[in-house]
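Please read the following briefing alongside the sequence and the model. It takes up strands, cores, individual residues and aromatic rings in turn.

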Amino acid sequence: AMGNPFSLAMDFTPTATKGIVSGVNRYQPPEGKGLLEYTDCIQTEASVNPGNSGGPLFNMAGELIGINGRISFQARSRINSGVGYAISINQIKNFLGHFYAGLDTDHATLGAVVKTVEEEGNLNRLVIDQILDDDKDQSDAFRRGLREGDDLLQFAGRPLTSTNQYKNILGVFPKEWRLPLVYRRANERRETLVRLMSNQAAEREEQKSDGGAPKPKVEVKPKGKAPTDSPAAKLYKEKKGFANYYFNEERQNALLADHRKHGDFAAVAGTWSADGSYEMADRKGDLRVEVVEPKGGEVSPTVKLKMNVEYVLQPLGKDQEAGKSLEPLGSGGLIMALYHYRRLLTQGAKGFEGDFHHGGTEPVYPPALAPDGAVPKSALGKRVDADVLRTRHASVDCKWYFSKADHQLVAFETFVNRNEDPCEVYPSDFRAVDGRMLPHRLEVRRGDKRFAVLTIKKYETKAN
């Protein structure tokens, strides 16, 4: 364990101590009313004292396995007692993509309270005790079917038998990650993917004062501007919601440059059309999609989708009927999603005036077969680690998932209504169209259900 205990080193030379790992998967609850809890920690007997926090914990091969944090002192004063704790490298890896993107990130919560129920024979059950089901603050866990009284069996592929174990696992993930959860109701085992919520936002809700009004917000004034003569000044860019927007732009540019290797669509920003077929649970037929975007931007673009019935959407139309943006019914906004997809390809960052930033890294689960052709037994078998872009245009948010392996787009989600399930689109079967790679299969899902599979036989793209 390396660090600077008691701030004795004045020349930045660290102190090094040595010991064994005396425990893993340790959990320490928050102190007092604070939010700082240590989950899934490494416990070590290597001497760790005040001043070691933030220092590295290495194994004997010189590999970084954790970041030193708390020590166990309590009534023994602030001295080492032979028990120190380090944040595990597994947790750090989950957040690295966010740190690289300069994000001001947060830990996650399920949006539910769990409790351990003791059974006969020294067996315990982990049960959902409360769950956020309010329309305005409804948890994704509730939308996925989780209810009070359900037994939690597994989370993120790890078995659950106690509240301690559950908090240990939950605490290593960032907000908004989507993870598999296995639960049981009436002796029926079920698996679903659950989108995690922001932990600090949930804590703020719980800490509201009497009467439901939130407590006054404490404004923290900066102590002063960062020195402009520092060599690091050119590597810093301030923006609300970011620790350092400079690095976010760096990640954006690198991601978009890699994705452009699959095709540069800037020259074909005119009318697009696609013909093929669609298949739904109860019907199938011919498919046609057309996106018309007039020059100059004075007239709203028009998107037409024909699946037996023809749907027409003007994404920027002022007199658009309520509910049009969610059509076709049950898709969560497929027409809007296709419009945003074309916009991302042809305009990039310039097409999203509301927001455009790198969203770090997240897992995504394309509904495809495993490489050997078998259907994975669990969502874990479908997991793809992805770089994420976040965009906003015409009051609609989107998330774009690019495989870290080759930065090909593997999924995108369109949130017409932020508090409802998005329209999920999973593109595959990419083939060259005039030298540019376009998907010839699109699986459309919403929540736990597949809406449709679109098969494209012919594309036509024109210059504007």
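**Briefing on the predicted model**

Strand β23 (residues 409–415) is largely enclosed by the rest of the structure, because seven of its seven residues are buried; buried here means under 20% relative accessible area, with exposed meaning over 50% and partly exposed in between, for a 1.4 Å probe and protein chains only. Helices (H or I, at least four residues) and strands (E, at least two) are DSSP runs, numbered from the N terminus. This is a predicted model, in which local features need pLDDT of at least 70 and side-chain atom pairs count only at pLDDT 80 or more, while totals for chains, interfaces and linings use all residues. Residues are numbered from 1 along each chain as its sequence is written, and side-chain values use heavy atoms, with hydrogens and water left out.

**Strand pairing around β23**

- Strand β22 (residues 396–403) pairs with β23 in the antiparallel sense over six bridges, where pairing requires that DSSP finds at least two bridges between two strands.
- Within this pair, Tyr 401 stands opposite Ala 411 in β23.
- The two strands β22 and β23 form a hairpin with five residues between them, and His 407 in the turn has a positive phi of about 60 degrees.
- Strand β24 (residues 423–433) also pairs with β23 in the antiparallel sense, over three bridges, and Phe 412 stands opposite Val 425 in β24.

**Nonpolar cores**

- The largest nonpolar core has 47 residues, of which Leu 287, Met 307, Leu 334, Tyr 341, Trp 400, Leu 438 and Leu 454 touch the most other members; such a core is a set of buried Ala, Val, Leu, Ile, Met, Phe, Trp, Tyr and Cys residues joined through side-chain atoms within 4.5 Å.
- Helix α6 gives the most to this core, with nine residues.
- A second, separate core of 28 residues includes Leu 110, Ala 156, Ile 169 and Val 194.
- Not counting residues up to four places away in sequence, the contacts of Trp 400 include Tyr 341, Leu 409, Ala 411 and Phe 412, with contact meaning heavy atoms within 4.5 Å.

**Two buried residues**

- Arg 343, placed in helix α6 (residues 334–347), counts as buried because its relative accessibility is 9%.
- A polar atom of the Arg 343 side chain lies 2.5 Å from the backbone oxygen of Gly 351.
- Leaving aside neighbours within four places in sequence, Arg 343 is in contact with Glu 293, Gly 348, Gly 351, Phe 352 and His 393.
- Val 303, in strand β18 (residues 302–307), counts as buried at 0% relative accessibility, and its C-alpha atom is separated by 9.9 Å from that of Thr 271, 32 residues apart along the chain.

**Aromatic rings and charges**

- The count comes to 11 aromatic pairs, where rings of Phe, Tyr and Trp (its six-membered ring) pair if their centres lie within 6.5 Å, and planes under 30 degrees apart count as stacked, over 60 as edge-to-face and the rest as tilted.
- Phe 173 and Trp 177 form a tilted pair, 5.8 Å centre to centre with 40 degrees between the planes, and both Phe 173 and Trp 177 are buried.
- Phe 155, Tyr 166, Phe 173 and Trp 177 form one aromatic cluster.
- The charged end of Arg 418 sits over the ring of Phe 415, 4.2 Å from its centre, the criterion being NZ of Lys or CZ of Arg within 6 Å of the ring centre and within 35 degrees of the ring normal.

Technical notes
Polar contact = N/O pair within 3.5 Å; in protein donor to acceptor, adjacent residues only side chain to side chain.
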